[in-house]
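Work through the exercises below with the structure at hand. Each task is followed by a stepwise solution.

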Amino acid sequence: MKDKVFEMKGKVWLYPGESASWHFVTLPIKESALIKERYGSFSRGWGSLPVAVSLGTTAWQTSIFPDKHSGGYILPLKACVRIKEQIRERDTVSLLITVRAK
């Protein structure tokens with residue numbers, strides 16, 4: 001399969017709750033729809049898809065998850081990435097996401 005790399009921007013948000021510490025980025029609907037169309041059949045548990053992500057100077061492997069609320073995918077942001085890249089809630093970040101589905 002070709003076209004596995006997607007460039008996009010998204011806003012960082014904090015999972016709601018009194019002791020919430022999980023930060024996410026909701027992927028844009030257009031890119032989410034394209035990813036689902038091309039790679040949705042490769043989904044794993046909870047509908048997740050394996051991806052490689054580049055944000056600033058940081059790259060890591062993780063998964064994206066479908067989000068019923070937005071209709072797109074959400075990307076969890078690890079604390080070590082947020083600290084290294086100085087990212088906070090409500091920041092808009094540029095992402096390069098490579099779908100690792102086969």
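**Exercise 1.** For this predicted model, state how much space lies in the largest pocket and describe its lining.

*Solution.* 
- Step 1. The volume comes to about 150 Å³.
- Step 2. A total of 13 residues line the largest pocket, and those nearest its centre are Lys36, Pro66, Gly71, Gly72 and Tyr73.
- Step 3. Sorted by class, the lining holds 4 nonpolar, 6 polar and 3 charged residues.
- Step 4. Helix H1 supplies the largest share of this lining, with 4 residues.

**Exercise 2.** Determine the strand order of the closed barrel and find where helix H1 packs.

*Solution.* 
- Step 1. The barrel has 6 strands in the order E1-E2-E5-E4-E3-E6, and the pairing is antiparallel. From one strand to the next, the twist averages 40°.
- Step 2. Within E5, Ile74 is the bridge partner of Thr26.
- Step 3. H1 (residues 29–39) packs on the sheet and touches E1 (5–14), E3 (49–55), E4 (58–66), E5 and E6 (92–99). The direction of H1 makes about 120° with that of E1.

**Exercise 3.** Is Glu7 buried or exposed, and which residues does Glu7 touch?

*Solution.* 
- Step 1. Glu7 belongs to strand E1.
- Step 2. The relative accessible area of Glu7 is 67%. The cut-off for exposed is over 50%, so Glu7 is exposed.
- Step 3. Leaving out residues up to four places away in sequence, Glu7 touches Glu31, Leu95 and Leu96.
- Step 4. Ser32 is 25 residues from Glu7 along the chain, and their C-alpha atoms are separated by 11 Å.

Note on methods. Residues numbered from 1 in each chain as written. Predicted model: local features only at pLDDT ≥ 70, side-chain atom pairs only at ≥ 80, totals over all residues. Heavy atoms only, no water. Pairing = 2+ DSSP bridges. Helix = DSSP H or I, 4+ residues; strand = E, 2+ residues; numbered from the N terminus. Axes fitted to C-alpha atoms, helices over the stretch in contact; angles between N-to-C directions. Contact = heavy atoms within 4.5 Å. Buried < 20%, exposed > 50% of the residue type's maximum accessible area, 1.4 Å probe, protein only. 1 Å grid on protein atoms, 1.4 Å probe; cavity = no way out; pocket = protein on both sides within 12 Å on 5 of 7 lines; lining within 4 Å. Points joined across faces, edges and corners; volume = space filled by probe spheres on them. Nonpolar A, V, L, I, M, F, W, Y, C, P; charged D, E, K, R; others polar.
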